[in-house]
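Welcome! Please take a moment to look over the structure below, and then read through the notes that follow.

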Amino acid sequence: MTRYVKVALMGSGYAGKSTLIKLLTENTEKLNTNYQPTVGCDVGTISLDDSTRVTLLEMGGQSHFEFMWADLLKGSKMVVVVTESNPKAVLKTRMLLQKYKDKMNGVPVIAIANKQDIPGSMKPRSVEDLLGVPTYGMVAIDPKQRLDGYKLIVNGLRDMVQIAA
Ligand SMILES: Nc1nc2c(ncn2[C@@H]2O[C@H](COP(=O)(O)OP(=O)(O)OP(=O)(O)O)[C@@H](O)[C@H]2O)c(=O)[nH]1
Ligand SMILES: [Mg+2]
């Protein structure tokens, strides 16, 4: 029987959550880069092991969908916060993390400092200093980063799910 583990993807609009889901779930060499804001929420699934799948739940980042976030976070085993890697975006992400801290009680949180290909981007280490959660650099539009992105999400989650099994 297949088990499903829920991971929530959080972050402002335009951060790259949908792109990250596409990167991890579509085996394409070219990712569509047109911005289509997620309306409400969206999902993708990846495999964790033979009997476990991970449901990636993107919470639409535009502010008019924020009213859903507290509910959408429920039951998540991990939260992945995606941010653009510039100071303004990172400070906004920090504010969001603080605002939803209570809703993520006891759940591991990691951050993805996305769009590292943009010249002058903040390094993951600097983003981590501001966000206070483990932070990893990413270029979600680059299919070469597919495996790295997959590992980011499944490492740790795998240990945790085994403990809970
Ligand atoms: N240069 C660059 N652009 C990226 C990268 N990742 C995503 N984008 C672009 O950023 C835009 C927004 O990406 P989305 O994945 O739609 O953002 P989102 O976080 O899902 O936004 P909402 O659905 O509104 O919450 C798109 O045009 C993407 O192609 C990246 O690593 N580098
Ligand atoms: Mg989206």
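Ser-18 sits in helix H1; helices (H or I, at least four residues) and strands (E, at least two) are DSSP runs, numbered from the N terminus. This is a predicted model, in which local features need pLDDT of at least 70 and side-chain atom pairs count only at pLDDT 80 or more, while totals for chains, interfaces and linings use all residues. Residues are numbered from 1 along each chain as its sequence is written, and chains are lettered from A and ligands numbered from 1 in the order in which they are written.

**Ser-18 and its surroundings**

- Ser-18 counts as buried because it has 23 C-beta neighbours inside 10 Å. A residue is buried if 20 or more other C-beta atoms lie within 10 Å of its own, exposed if 12 or fewer, and partly exposed in between, with C-beta atoms placed from the backbone.
- Leaving aside neighbours within four places in sequence, Ser-18 is in contact with Thr-38, Asp-42 and Glu-58; contact here means that the C-beta atoms, placed from the backbone, lie within 7 Å.
- Ser-18 and Val-127 are 109 residues apart along the chain, and their C-alpha atoms are separated by 21 Å.

**Around ligand 1**

- Ligand 1 is surrounded by 23 residues, and the closest are Gly-13, Gly-16, Ser-18, Thr-38 and Gly-61. A residue belongs here if its C-beta atom, placed from the backbone, lies within 6 Å of the ligand.
- Helix H1 (residues 17-25) gives the largest share of this shell, 3 residues.
- The shell has 9 nonpolar, 11 polar and 3 charged residues. Ala, Val, Leu, Ile, Met, Phe, Trp, Tyr, Cys and Pro count as nonpolar, Asp, Glu, Lys and Arg as charged, and the others, Gly among them, as polar.

**The nonpolar core**

- The largest nonpolar core has 36 residues, and Val-7, Ala-8, Leu-9, Leu-20, Val-80 and Leu-157 have the most contacts inside it. Such a core is a set of buried Ala, Val, Leu, Ile, Met, Phe, Trp, Tyr and Cys residues joined through C-beta atoms within 7 Å.
- Among the elements that give two or more residues to this core are strand E1 (3-10), strand E3 (52-59) and helix H5 (146-154).
- Beyond its neighbours within four places in sequence, Val-80 is in contact with Val-7, Leu-9, Ile-110, Ile-112 and Ile-153.

**Helix H3**

- Ala-89, Val-90, Thr-93 and Leu-97 are buried in H3. Seen down the axis, the buried residues fall within an arc of 95°, so they line one face of the helix; the arc is that of the directions from the helix axis to the C-beta atoms.
- The buried residues of H3 pack against strand E4 (78-84) and helix H4 (124-131).
- Turned away from that buried side are the exposed residues Pro-87, Lys-88, Met-95, Gln-98 and Lys-99.

**Helix H4**

- In H4, the buried residues are Pro-124, Val-127 and Leu-131. They cover an arc of only 60° around the axis, which puts them on the same side of H4.
- The cover over these buried residues includes E4, H3, E5 and strand E6 (135-137).
- Arg-125 and Asp-129 are exposed on the face of H4 turned away from its buried side.
- Gly-132 follows H4 and has a positive phi, near 75°.

Technical notes:
Two residues are in contact if their C-beta atoms, placed from the backbone, lie within 7 Å.
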